[in-house]
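Visitor: I have a model open and would like to go through a few of its residues with you. Could you walk me through it?

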Amino acid sequence: MDTARMRVFRGRWETLFVILCLCELRTATGQARYSVPEEQAEGSFVGNIAKDLGLDVARLMAGKARIIAKGGRQYVDLKRDKGTLVIKERIDREELCGKTTPCSFSFDIILENPIQIYHVTVEVVDINDNSPSFPETELNMKIVENVPVGTRFSLANAVDDDVEMNDIEKYTLKPSDHFKLEIQNNPNGRKVIEMVLREPLDREKEEVHTLLLIASDGGEPHRSGTVRIQVNVLDANDNAPVCTQPVYKVDVPENSPVGTMISTVRATDADAGLNGDVTYSTPHITKKEKQLFNIDAQSGEITIGGKLDFEKIKIYELNVQVSDHGGYTDTCKVIVKVIDENDNVPTIEFMSLSQSIPEDSQPGTTVAVFNVNDEDSEGNGIVKCSISPDDVPFKIESSLSGYYSMVTENFLDRESVPEYNVTIIVQDQGSPPLSSNQMINVKITDVNDNHPKFQESEYSKTVPENNSPGFSIFTVHASDADWGQNARVAYFLEEKEINGVPVSSFVSVNSESGVIHAIKSFDYEQIKSFDFNITARDSGSPTLTSVATVTVHIQDANDNGPQVLYPVQTGALVLAEMVPRSADAGYLVTKVVAVDVDSGQNAWLSYKVHRASDRALFEVGLHNGEIRTVRQVTDKDAVKQRLTVVVEDNGQPSRSATVVVNVAVADSFPEVLSEFTDFNAHDKEYNDKLTFYLVLALAVVSFLFIVCLILIISVKVYRWRQSRILYHSNLPVIPYYPPRYSDTLGTGTLPHVYNYEVCRTMDSRKSDMKTMSPSLVSVDGTETETAHENKHLAGYLSQISTMVSE
């Protein structure tokens, strides 16, 4: 007993040493391996994954480390803040692996930024938590009494879901006086249990033998299971059935329909009659095998009773027992090999997926990381991954076994293609091949990589002069191919000077709409054109700009009349041109010289005679302003000649100026001087009279205005005082209407005549008012005086005078 314990103890230490070595190796290569007993409580410690992988806790937190479990169940949880692995749910090794040993499950730990994947394997160590059990609790056997000593009888194996030392270690048969137990080990590791007859049977002495078969495992503590064997001794049958072949081998495709016949077991019996009839049975197979296979007791045909799955179990061994009615038996083996079929569609599971990436991403930027799994084997499980359509700027790269990355292959341009619908296709190499796909939408986020663009690089606009301030000249527009804030364009005026004056005093631009307004009224005569730059700036980061040049031409308007340069018009001195009496027709008297500061047709001048002392004597050139004689001058022509010449421009509407030209028709200067002296005096007298009339009219209007203003103020003050007197009086108010008044309060017509004389100085705030005695005119025109009325009226007028002076 001590030796067995030492072997167990030494075996456990060796296993632990191998596991530790494997853990060190996996850690060094980006993998980790741990070992935990099954049935551990939730939260139990598994291992320090951060330390074993050479990572710190900060990296686990920043990389959003998480576990990607395979098979849909996650037995282990990751504590990122501690860098440890703990049990998440109870692990049943028998449910997880069955009889497979060693038993393990694996998962991946994935980190982002950058993407790192670590493979972790956890081995589940078996504990002795299952007792051995037999397919049946009681076994009935019929053995003929003359069966020779040494005859073997096959017994059913017990089943223990535990493995290794916790599995079945020994069988014991009690009692052992007629039978003994022999155990043989097959090359496949399965034990063959046979009950061997050690002493002849005698039905007459003992017809029924009851035995107990005990199966015990090697765990601590030991567990066992029993089956009761009842042996009925029969009369002699001297020939036993014999199988035609000891082993039958058959290959069956998985997913074969229920009822498919896979093999037929044959056996012969030399006896005749009833003793020669044989029956077929499978008494020693497991419950799962009974559900999957059916055997016909009479014909020995084996058919499929359930669904075979290559991915779960690949080989089945069925023990078929052939029995005759005399109790003789024989056993043969049927080995069923399940052939894999391409019945599993490849699956795609995304580990990481970016729904959007910036358009300035470099080629090789990871968009998605996914895992492809196909549970089939060999060619049926080899998967090829591709994307559709072919013209997208992405490609598939294989990083680790079963893991793929979709990365950018070329540079992206959101303005060309704002988003992509990419279909990831996975297909195995089975026949026929199976495939699946997953579509993902990748949006390209905008980057400020496009400058605002004006419709034209240079603009030219004509503005009429004398425009009103705020006049909208025109609108510039720049478009930006970017999106959102990156495409929001604002407009700015670049500061510069035009003739020493800032351009901002000429024009302004609306930063949002791009409308250019004139700040002031333009004068063509001062500036004919100017240019400036408009900058369009987007709202991206960093901002991008573009510049357009705007040239504004001022269009001339006919806003200036002609100006006469000659003859010079002076008020003090009258100038005259002398024409000798001997002048012939066409004689050049003088030339009217005028200019117009406008341009173009607005400056085209024409000359016409408006008034003339003698229209038949002189004429003026329409375009040159030359005054010439129409005919020859005679002695009858007056000495003093006066012409009024109108100078007009060609604008719309036209503007004009007049000039008076004095012409003296004489041969000597004294004659001219005496005539023009009288003419000068006449003009002076006319001007003096005109000035007098203007001054007189201004004085009259001013006087009338002052008189009206005083009368209005007096009436208002009088009404106000009257209302105050009535309001402050304590006596009852009895309205009294004199015979000559329609209203005592002044609301009616007062037929009295009052004369006021107001004297005010410009620099005094006091006034003197003289009140004249009123003359009361009766209706019939007679004049009377009433002392009582005069007293009251005098008092009112005195109060009015006091208020006005104040």
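Visitor: Which residue does the disulfide join to Cys 97?

Guide: The disulfide, meaning a pair of cysteine sulfur atoms within 2.5 Å, joins Cys 97 to Cys 103, with an S to S distance of 1.9 Å. This is a predicted model, in which local features need pLDDT of at least 70 and side-chain atom pairs count only at pLDDT 80 or more, while totals for chains, interfaces and linings use all residues. Residues are numbered from 1 along each chain as its sequence is written, and side-chain values use heavy atoms, with hydrogens and water left out.

Visitor: Is that disulfide right-handed or left-handed?

Guide: The torsion about the S-S bond of Cys 97 and Cys 103 is about 70 degrees, so the disulfide is right-handed.

Visitor: Are those two cysteines buried or exposed?

Guide: Cys 97 and Cys 103 are both buried, where buried means under 20% relative accessible area, exposed over 50%, and partly exposed in between, with a 1.4 Å probe and protein chains only.

Visitor: New topic: what does the side chain of Asn 157 reach?

Guide: The side chain of Asn 157 reaches the backbone oxygen of Lys 191 at 2.5 Å. Asn 157 also touches several residues (heavy atoms within 4.5 Å), among them Phe 134, Tyr 171 and Ile 193, leaving aside residues up to four places away in sequence.

Visitor: And why does Asn 157 count as buried?

Guide: Asn 157 counts as buried because its relative accessibility is 18%.

Conventions:
Polar contact = N/O pair within 3.5 Å; in protein donor to acceptor, adjacent residues only side chain to side chain.
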